[in-house]
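Good morning, and thank you for joining.

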Amino acid sequence: NFTDVFCRFSMSVYTPLSLDEVRTFAAPYGLEVLELNPIQGGIQNTNYFLVDVNRKQYVLTVFEELDAQGAGELIPVLEQLGTHDVPVAVPLKHSGQAVHVIADKPAQIAPRLMGHHPMQTTVAQVAAIADAQAKLHVALQDFPLEREYRRDHQYWTGVAEQLKPSMTQDDQTLLEQVYQAFNAKTAQYSNRPTGFIHSDLFRDNTLFEGEQLQGILDFYELNQDELLFDIAITINDFCTEYPAAHLNSDKVAAYLAAYQKVRTLTSDELACLDVFLAMAACRFWSMRLQVAQKNKEEGRTGDDILQKDPQEMRAMMQDRLSHVKA
């Protein structure tokens, strides 16, 4: 998923903090911190687990690249989602704002969401994520947020064009087939709503306890795009019978039934779902190829580098393309 864009190094605490520093920072939020545990595996920011005097757990995030305004940009989004029954970690506030300064960097504290990423999904888990995703789309429809961040269809088309000269002839042909099918079908069925989408709602950005969805994570890729892209991304991941590339039809049916209890898909969206599944796989194939190319150019090798296999997404794209109806 979108974390593929970055090289993940095992060292992820860029800003070392002492327990005393964190206690001072957390006190105005009403927290008395007893434990401070660094979180490994982060990419852009420094994160710590906090445990307070009541044994409740929180996550302290120190923003390494964003200023206070950028760090606070998504907080109104999380608050909006929290009021619409979408399970997200809404940051705590004091003095009217969530983001304050520690070690000369903006930082926030949010409740820790507990649970596990599902390895193989169940039908009930698929229905739960569909319900939450539909609520997310409804909650953020017409939400007053402007983001400079743009990774829409035009952006990914540009990435594919840049990659094309380095592709094999078979890959170029497959890419052209996907775009031809997509362009033909979307021209025929144009009533496809847009809005803010998560853009990265894979299993590893969700937390479950058994069948119960406990949380949706990582909203940094929030983007304005077609709602159907978000749906396709999530169906592709939650309903695929890994390591095979094919979809489980029972899970897809469960997803669509649960989603449409909250937001009814237009007839044009339903007509285009098959080709959006192919194009969503194409986006992530392109992304993985882009990362592989960059790693090769910059000589990045070794166990510290997380690089997902582009062939997995290529196989998925091929499978989805074979099921596109004319």
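This is a predicted model: local features need pLDDT of at least 70, side-chain atom pairs count only at pLDDT 80 or more; totals for chains, interfaces and linings use all residues.

How many salt bridges does the rule give here? The count is 18.

Let me take three of them in turn. In one, Lys105 and Glu64 bring their side chains together, with 2.6 Å from N to O. Lys105 belongs to strand S5, residues 105-111, whereas Glu64 sits in the loop between strand S3 (57-62) and helix H2 (68-71), so this bridge ties together parts that lie 41 residues apart in sequence. Lys105 is partly exposed at 23% relative accessibility, and Glu64 is partly exposed at 21%. With the boundary for buried residues set at under 20%, neither value falls in the buried class.

Next, consider Asp171 and Arg314, whose closest N and O atoms are 2.6 Å apart in a salt bridge. Asp171 is in helix H6 (residues 169-188) and Arg314 in helix H10 (residues 310-322), so the pair ties together parts 143 residues apart in sequence.

Glu241 is located in the loop between helix H7 (227-238) and helix H8 (249-260), and Lys251 is in H8 itself, so the parts tied together are ten residues apart in sequence. Glu241 is partly exposed, with a relative accessible area of 24%, while Lys251 is buried at 6%.

Asp225 is found in strand S9, residues 223-226. Asp225 is buried, its relative accessible area being 7%, and its side chain makes a polar contact of 3.0 Å with the side chain of Arg283.

Which residues of H6 are buried? Among them are Asp171, Leu174, Leu175, Val178, Ala181, Phe182 and Lys185. As a general point, an α-helix has 3.6 residues a turn, so residues three or four places apart point the same way.

H8 has twelve residues, and the distance from its first C-alpha to its last is 17 Å, close to the 16 Å expected. Its buried residues include Lys251, Val252, Tyr255, Leu256 and Tyr259. At the start of H8, a side-chain oxygen of Asn248 comes within 2.9 Å of the backbone nitrogen of Asp250.

The last topic is empty space. Rolling a probe the size of a water molecule over the atoms shows where such space is left. The structure contains one cavity of 30 Å³ or more, and the largest cavity holds about 40 Å³. What lines the largest cavity? The lining includes Phe202, Ile233, Asn236, Asp237, Tyr242, Phe284, Met313 and Met316. At least two lining residues come from each of H7, helix H9 (267-297) and H10. By class, the lining comprises eight nonpolar residues, one polar and one charged.

The second largest pocket has a volume of about 330 Å³. It is lined by 14 residues, of which Leu273, Asp274, Leu277, His323 and Lys325 are the closest to its centre. H8, H9 and H10 are the elements that each give two or more residues to this lining. Which element gives the most to the lining of the second largest pocket? H9 does, with five residues. The lining of this pocket divides into seven nonpolar, two polar and five charged residues.

To close, I would return to H10: this helix holds Arg314, the partner of Asp171, and it also supplies residues to the lining of the largest cavity and to that of the second largest pocket. Thank you for your attention.

Technical notes:
Residues are numbered from 1 along each chain as its sequence is written. Side-chain values use heavy atoms; hydrogens and water are left out. A salt bridge is a side-chain nitrogen of Lys or Arg within 4 Å of a carboxyl oxygen of Asp or Glu. Helices (H or I, at least four residues) and strands (E, at least two) are DSSP runs, numbered from the N terminus. Buried means under 20% relative accessible area, exposed over 50%, partly exposed in between (1.4 Å probe, protein chains only). On a 1 Å grid over the protein atoms alone, a cavity is a set of points where a 1.4 Å probe fits but cannot get out, and a pocket is an open set with protein on both sides within 12 Å along at least five of seven lines; lining residues have an atom within 4 Å of a point. Grid points are joined across faces, edges and corners, and a volume is the space filled by probe spheres set on the points. Ala, Val, Leu, Ile, Met, Phe, Trp, Tyr, Cys and Pro count as nonpolar, Asp, Glu, Lys and Arg as charged, and the others, Gly among them, as polar. The expected span of a helix is 1.5 Å times one less than its number of residues. A polar contact is a pair of N or O atoms within 3.5 Å; within protein, one must be able to donate a hydrogen and the other to accept it, and residues adjacent in sequence count only if both atoms are side-chain atoms.
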